[in-house]
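Please look through the structure below before reading on.

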Amino acid sequence: SIALRGARLTHVGGYMVYSTCSMNPMENESVVAELLRITDGSLVLEDPRERMEGLVARPGWSTWRVLREGKNRTRKAMKDWQKKNNKKMQEKRKEWEAKRAKGECPEPQERSTDENGEEEKEKFTPSPYETIPYVPPETWDEDALSERTTSLGFVEYKNYDEVEYEWHRRVRRSCFPPTEEEAKRFELHKCLRSLPQDMDTGGFFVTLFKKVKPLSKDATERMAAMARESRGGVDVDADKKKEAAADKKEQSAKEGEGDGDAVMSDSPAAEEKKSDEKSEPEEPVVKKAPTGKVGQHKHRADLGDADFIPSDPSIWPSIIEQYGLPPTFPKEQFMVRSTGDAKVI
């Protein structure tokens, strides 16, 4: 929804950048593919590699696996398991087992069950692949990777039809790779994947879009549906079908003139309702009393008039000694926002 709004604000012939600090294709290529799918030719991908000499970036993906965490592999379950199996808890467990063997403490109670006699929580089962340090797979073939992901507690989907109904709102149709025809048309290889080991940088995903024509009416309606969903939890696909059915019965909406994007006009009933609302007297605005305790103000650091100022030379000797920095370290390139003692750099 945010990217679509950005595309709508972009002039024809202009550019829009979509970037993340993630390597997950669910947040990268799948989003790019869905944007290209919705805009239907209004946006195309540009390859900026030729303009950025020295940049080392790998191509974007056209295929990937769609996974979700299992019920017993949630972050909470993993955190609870790690807490119960840390070194301190293991020592305590050994002490209790020794006391239990001597009959000094009662046997542990059985796990509680619900009304149907089922366990309230599924037991977290660690995978043999969760090793420290990490051990890479011996082979990267499809069967071995599927077995590995299943052992780690993930559920893998081959296509959207395999997704359970209760997971439709999290595992969307747009999460899956594009078709072969779409992959040729989208040219996702133009996306940039910058990996830390390639240039001694962070991990980044960058895509450069170019707007070649105004957004269609369908794209603007889709954008409005996504905005409504983010506010009220409306199913985008169902909302889109309802709007398409209603559009067949009503007159076509007026198209925007020039190179502007298509806009949706209100129905006569809606316009009449707006005119009635304007005729009603406005209610007086009631100012609410300020919250918080009287006389207490949150302390804010005085950043001064300048945005950035040179750092104090007296702070550098201890830093250089602590981290073993060379004499050629560019201290003069560091600026500060405040002259306070805390968080100066």
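Helices (H or I, at least four residues) and strands (E, at least two) are DSSP runs, numbered from the N terminus. The model is predicted, and local features need pLDDT of at least 70, side-chain atom pairs count only at pLDDT 80 or more, while totals for chains, interfaces and linings use all residues. Residues are numbered from 1 along each chain as its sequence is written, and side-chain values use heavy atoms, with hydrogens and water left out.

Begin with Asp40, in the loop between helix 2 and strand 2. Asp40 is not a glycine, yet its phi is positive, about 50°. Its relative accessibility is 51%, so Asp40 counts as exposed; the scale is buried under 20% relative accessible area, exposed over 50% and partly exposed in between, with a 1.4 Å probe and protein chains only. Glu187, in the loop between helix 6 (180-186) and strand 6 (192-194), also has a positive phi, near 55°, and is a residue other than glycine. At 30% relative accessibility, Glu187 is partly exposed.

The next topic is the nonpolar core. This term stands for a set of buried Ala, Val, Leu, Ile, Met, Phe, Trp, Tyr and Cys residues joined through side-chain atoms within 4.5 Å. The largest such core has 21 residues, of which Val32, Leu36, Leu45, Leu188 and Phe209 touch the most other members. Two or more residues each come from helix 1 (2-9), strand 1 (15-20), helix 2 (29-39), strand 2 (43-46), strand 7 (204-211) and helix 8 (217-232). Helix 2 gives the largest share, 5 residues. A second, separate core holds 9 residues, including Tyr160, Trp167, Val171 and Phe176.

Leaving aside residues up to four places away in sequence, its contacts include Glu29, Val32, Ala33, Leu36, Leu45, Gly60 and Trp61, where contact means heavy atoms within 4.5 Å.

What is the volume of the second largest pocket? The space in this pocket is about 770 Å³. On a 1 Å grid over the protein atoms alone, a cavity is a set of points where a 1.4 Å probe fits but cannot get out, and a pocket is an open set with protein on both sides within 12 Å along at least five of seven lines; lining residues have an atom within 4 Å of a point. Grid points are joined across faces, edges and corners, and a volume is the space filled by probe spheres set on the points. The second largest pocket is lined by 20 residues, and Asn24, Val66, Leu67, Arg68 and Phe154 are the closest to its centre. Strand 4 (66-69) and helix 5 (142-151) are the elements that give two or more residues to this lining, and strand 4 gives the most, with 4 residues.

Two more residues complete the tour. Ser22 is in the loop between strand 1 and helix 2. With 14% relative accessibility, Ser22 counts as buried, and beyond four places in sequence it touches Glu27, Asn28 and Phe205. Pro196 belongs to helix 7 (residues 196-199) and is partly exposed, with a relative accessible area of 39%. Apart from residues up to four places away in sequence, Pro196 touches Thr201, Gly202 and Gly203.
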